[in-house]
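This report concerns charged pairs, strand pairing and a surface patch. The sequence and model are shown below.

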Amino acid sequence: DKGAINVGILKLRTEGNIIRNTEAQGADVDIDFTLNASSLSDIVDMIPEHISDIKNQIVANGDIQSNGKITGLLNKDNYPLLKLSVQLSNGKIAMKQHKDIPVAEKIKLDFETSLYFSGTQPSTIKLNEFSASSASSTINIKGNFNNLFTKPFIDTQANAKIDFTQLSKSFPFLEGVNMGGMIDFDISAKSLLDDIQSLNLGKININGNANIRSLFFNHLKENFSLYATNADMIFGSNTKDSIRGQLRESLLRGTFSLDSLNVKWNNEFNANAGKLTARFSTSEPKDSSSIAPIVTNVRMENFRLNMGDSLRMRGFKTSAFVRMASSKENPTLPEINMRFSLDTLAGRYETTAGIIRKANMSLKLNRLQPRNRRQGITTNDSTQFVQGDSTSRSRRRYAGMTQAQRDSLRKLHFNPDADLSFRLESKETRDLLRNWDVTGNFNSKNI
């Protein structure tokens, strides 16, 4: 029979049958459905005002075609197959105050999904095409999301050319905002969702390049400005790497270079840097469950940092080495080692000033094993632990840590052999680096 139902904010037209199957103790489902929408404006009108006021802010046009089907046996052990495809053509979006100036036009969308809830076949989401243009800017995206209910795998490609100079001229409603420059990129990426969630970044296969040319952004009301000159990012097989022959094509590697960067906000924050270069590569993991080791080398010249009248810093040459690999205690958890070298660093905080030459600092970050929910319960009132007895405070401090972590925490923070060793333990740091154990040391030839 024909009918109509609402699923969330979507309104659907339905036609089909649900027939009882006594032998299978369930029902045979055969239903066709479509979106109750023939244009993009119909989709916008479905959005309730308590969720978004977008339908009172924009004008949307475009032809929509859709079809879907639910078919199969439904009982306690089986679920029917769901298929849906949606196409949008000739799409256009504009602000209501400037209906004749589209924010985006020539919008195309081709989307389909097949969901096998019983697991008899792989479930997929496919974005066959998404494209849009505005002024002289374009963007194109396509990709697949495979094996949704077993081992999700992402495979996507995107390319764009964004001309901020033309966008600024074309959008008069961007009052108080000046922007210019160009960004273009052509990138593909493949990865298991598990690798992204576990920070196994070396197994993310990225190929392509991205370029920035004389990008600037000024927000007069917020007194914010950003300026970046030429920047280039190269990933994967486009990378010129002397050890490429030793690397698998599927492992992350690339280079990044930036000529200069300037950021200023409300006279409270002012930072700029000269030449910045970085190179990163990944080597083979020991086994499929280990973190793929990533090595990154960074060099930066002539940076300044001013925060109001309180803090001023200036450095001339800085280099950094970062390696992320499997933790020795648990190969499934990441361990990050960082080393920084400073040629000269001058700074001033209020009325105190100093200079550091030939300095080195190292940091080690270990991802902690997630604690069970009972051990992980904390409170926002930090005074609760201070006012309790010392035994209770000590137990809470070391709760959930391994023996090696407790022994390391009890060591003296000052180590004459290493000049200065430290562990970050402030509440602010714990909130920022939750579930990470951070230690390090610092030394200098001349302070």
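## Salt bridges and strands

Lys275 is partly exposed, at 36% relative accessibility (buried is under 20% relative accessible area, exposed over 50%, partly exposed in between; 1.4 Å probe, protein chains only). The model is predicted: local features need pLDDT of at least 70, side-chain atom pairs count only at pLDDT 80 or more, and totals for chains, interfaces and linings use all residues. Residues are numbered from 1 along each chain as its sequence is written, and side-chain values use heavy atoms, with hydrogens and water left out.

The count comes to six salt bridges, each a side-chain nitrogen of Lys or Arg within 4 Å of a carboxyl oxygen of Asp or Glu. Three of them are tabulated.

| Asp30 | Lys69 | 2.8 Å |

Asp259 lies in the loop between strand 14 and strand 15, and Lys275 in the loop between strand 16 and strand 17, 16 residues apart. Strands are DSSP runs (E, at least two residues), numbered from the N terminus. Salt bridges with shared partners join Asp30, Asp32 and Lys69 into one network.

Asp232 is partly exposed, with a relative accessible area of 24%. Strand 13 (residues 231–235) pairs antiparallel with strand 14 (residues 254–258) over five bridges; pairing requires at least two DSSP bridges. Here Phe235 stands opposite Gly254. Strand 14 is also joined to strand 17 (residues 276–282) by five bridges, running antiparallel, with Thr255 opposite Arg279.

Conventions
Helix = DSSP H or I, 4+ residues; strand = E, 2+ residues; numbered from the N terminus.
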